[in-house]
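Here's a quick briefing to read with the model open beside you. Have a look at the fold, then work through the points below.

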Amino acid sequence: MYRPTWAEVDLDAIKRNVEQMKVHANGAHIMAVVKANGYGHGDRQVALAALQGGATSIAVACLDEAIPLRSCVKAPILVLGAVDPKFATVAAENDIAVTALDVSWVESVATSSWPKGTPPLRVHLKVDTGMGRLGMKGRGEVLRAIELVQLCAHLEWEGIYTHFATADEEDTDLWIRQQQAFDEILKKIPFAPPLVHTSNSAAGLRMPRRNEAIRFGISMYGLNPSAYVGEHLPFPLHPAMSLHTELAQVKQLQKGDSVSYGATYTADDSQWIGVLPIGYADGWIRALQGFDVLIAGMRVPIVGRICMDQCMIKLPREFPVGERVTLFGKQGQEEILLNEVANYIGTISYEIPCLLSQRVPRIYKRGSERWLENDLFIK
Ligand SMILES: *Cc1c(COP(=O)(O)O)cnc(C)c1O
C-alpha cells in the first residue's frame with residue numbers, strides 16, 4: 001500500500017449483526033448473502049465472519065462468484081441468479097447449489113448427460129410471487145418442476161424460495177400478498193424440502209417467518225435496507241465499512257482562485273484547501289461534489305469537481321499533510337453513515353460500497369488485528 005486511501009472492514013461488526021439477527025429470528029438458519037464481492041466488502045472475509053457469527057450457509061449471485069468461495073468455505077453455497085443449464089455439472093462438481101428458475105430450466109438440466117462420478121446437483125426452486133424477476137409463476141409450474149426434480153436421479157431438491165419486492169416499505173400490501181401466494185403454494189406441496197426461505201434483511205428484521213431461513217444481505221453489513229426500516233430496527237446495526245484517506249497537499253487560496261475542472265468553485269476569501277488522493281475511479285463519484293467528509297472530527301465540504309484520482313476539500317484552517325480524512329465512518333463524535341452518502345446522490349446505501357473499485361484496498365479488522373485481503377498482517 002503506497003497510497004493512503006483505504007476502506008476498513010470491521011469483521012466483528014459483521015459477526016455481531018449476524019448473531020443479533022439469529023437471536024431476533026429465534027435461531028433461524030441464516031444465509032449470508034455475499035454477492036458482488038460481499039457488497040464491496042470482500043466476499044471471502046465476510047463469509048468467514050458471518051459463519052463465525054452463526055450463519056449456516058452462503059449465497060452469491062453467479063457461479064463465477066461461488067467457485068472461488070468454495071475453496072475457502074465448507075458451508076453450503078447457493079447461487080441466487082440464473083446458471084446456464086450447460087454449466088449444471090460444473091456447479092455439481094463444485095458442490096454448489098443453484099436456482100431452478102422455471103420448468104424449462106429443470107427439463108434442460110434433467111435431460112442433460114451426467115458423467116459418471118458427478119455428484120447430484122442441489123437445487124432451490126424459485127417462485128415469482130410478485131417480484132417480477134426470476135422464478136416460476138403459479139402453483140402448476142411449481143408442482144411440475146418438483147415432479148421433474150424428483151424423477152431425476154442427478155437432481156436433489158434442497159430448497160424453495162421467493163423474494164419480496166417491497167419488504168422495506170411502510171405499505172405492506174404487496175409484501176403480504178406475496179406471502180399469501182407463497183403459502184398457498186407451500187400448502188399444495190406434498191412435503192417441503194429441507195430449506196424454505198423468503199426473507200431478505202428488511203423482511204427478516206420486521207417479521208421473521210417461522211421455520212424459515214433468512215437471506216441476510218445489507219443489514220449483515222450493518223446498513224439499513226431503507227430509511228423506514230431504519231426507524232423501526234429491532235436491534236442496533238453495526239456498520240462494518242468505513243472509508244479513509246489522508247491529505248496529500250494543503251494550500252492557501254486567495255480570493256478569486258478557483259478549484260478543479262470547470263472552475264466550478266471560486267474562493268471568496270483567503271482559505272485553506274486540502275487535496276485528497278481519492279476520486280471517481282475509486283468509486284467516489286462526481287455526483288458527491290459538495291458532500292461532506294470528516295477531518296479532526298469536523299465536517300468539511302468537497303469543493304470543485306471530483307477528478308478521476310483526486311478531489312479537494314475546504315479546510316477551516318491549515319492542517320498537516322498526512323492528516324486523516326474519513327469519507328464515511330466515524331471520527332470523534334461525528335459520523336457519516338452510508339445512508340447519508342446514498343441520500344445525497346439519490347440512491348440506496350447498497351450502491352455505495354459496490355461502487356468502491358479494486359483500487360481501494362480493503363483492510364480487515366478483528367479485535368486488535370488488522371490485515372489486508374491477501375492475509376498480510378499489518379500489526
Ligand atoms: C441480494 C438478495 C438478497 C439480500 O437482500 P438484502 O436486502 O441485501 O438483505 C436476498 N435474496 C435475493 C434473491 C437477493 O438477490
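**Ligand, core and domains**

In this predicted model, a polar side-chain atom of Y39 sits 2.6 Å from an oxygen atom of the ligand.

**Around the ligand**

- R215 also brings a polar side-chain atom in, 2.7 Å from a nitrogen atom of the ligand.
- For H163, an N or O atom of the side chain is 3.4 Å from a ligand nitrogen atom.
- On its own the ligand exposes 390 Å², and the protein buries 92% of that.
- Besides Y39, H163 and R215, the residues surrounding the ligand include V33, K35, L80, R133, N200, S201, G217, I218 and Y350.

**Domains**

- The protein chain splits into domain 1 (11–221) and domain 2 (241–347).

**Nonpolar cores**

- The largest nonpolar core has 112 residues, and L121, L125, M220, W284 and F328 are the ones with the most contacts inside it.
- Domain 1 (11–221) and domain 2 (241–347) both contribute residues to this core, so it lies between them.
- There's also a second, separate core of 9 residues, with L253, A267, V275 and M312 among them.
- Back to M220: setting aside neighbours within four places in sequence, M220 is in contact with I14, N17, V18, A32, V33, V34, V46 and A50.

Methods
Residues are numbered from 1 along each chain as its sequence is written. This is a predicted model: local features need pLDDT of at least 70, side-chain atom pairs count only at pLDDT 80 or more; totals for chains, interfaces and linings use all residues. Side-chain values use heavy atoms; hydrogens and water are left out. A nonpolar core is a set of buried Ala, Val, Leu, Ile, Met, Phe, Trp, Tyr and Cys residues joined through side-chain atoms within 4.5 Å. Buried means under 20% relative accessible area, exposed over 50%, partly exposed in between (1.4 Å probe, protein chains only). Domain bounds come from an automatic or database domain assignment. Contact means heavy atoms within 4.5 Å. A residue is near a molecule or strand if one of its heavy atoms lies within 4 Å of it. A polar contact is a pair of N or O atoms within 3.5 Å; within protein, one must be able to donate a hydrogen and the other to accept it, and residues adjacent in sequence count only if both atoms are side-chain atoms. Accessible areas come from the Shrake-Rupley method with a 1.4 Å probe; for residues, only the protein chains shown count as cover.
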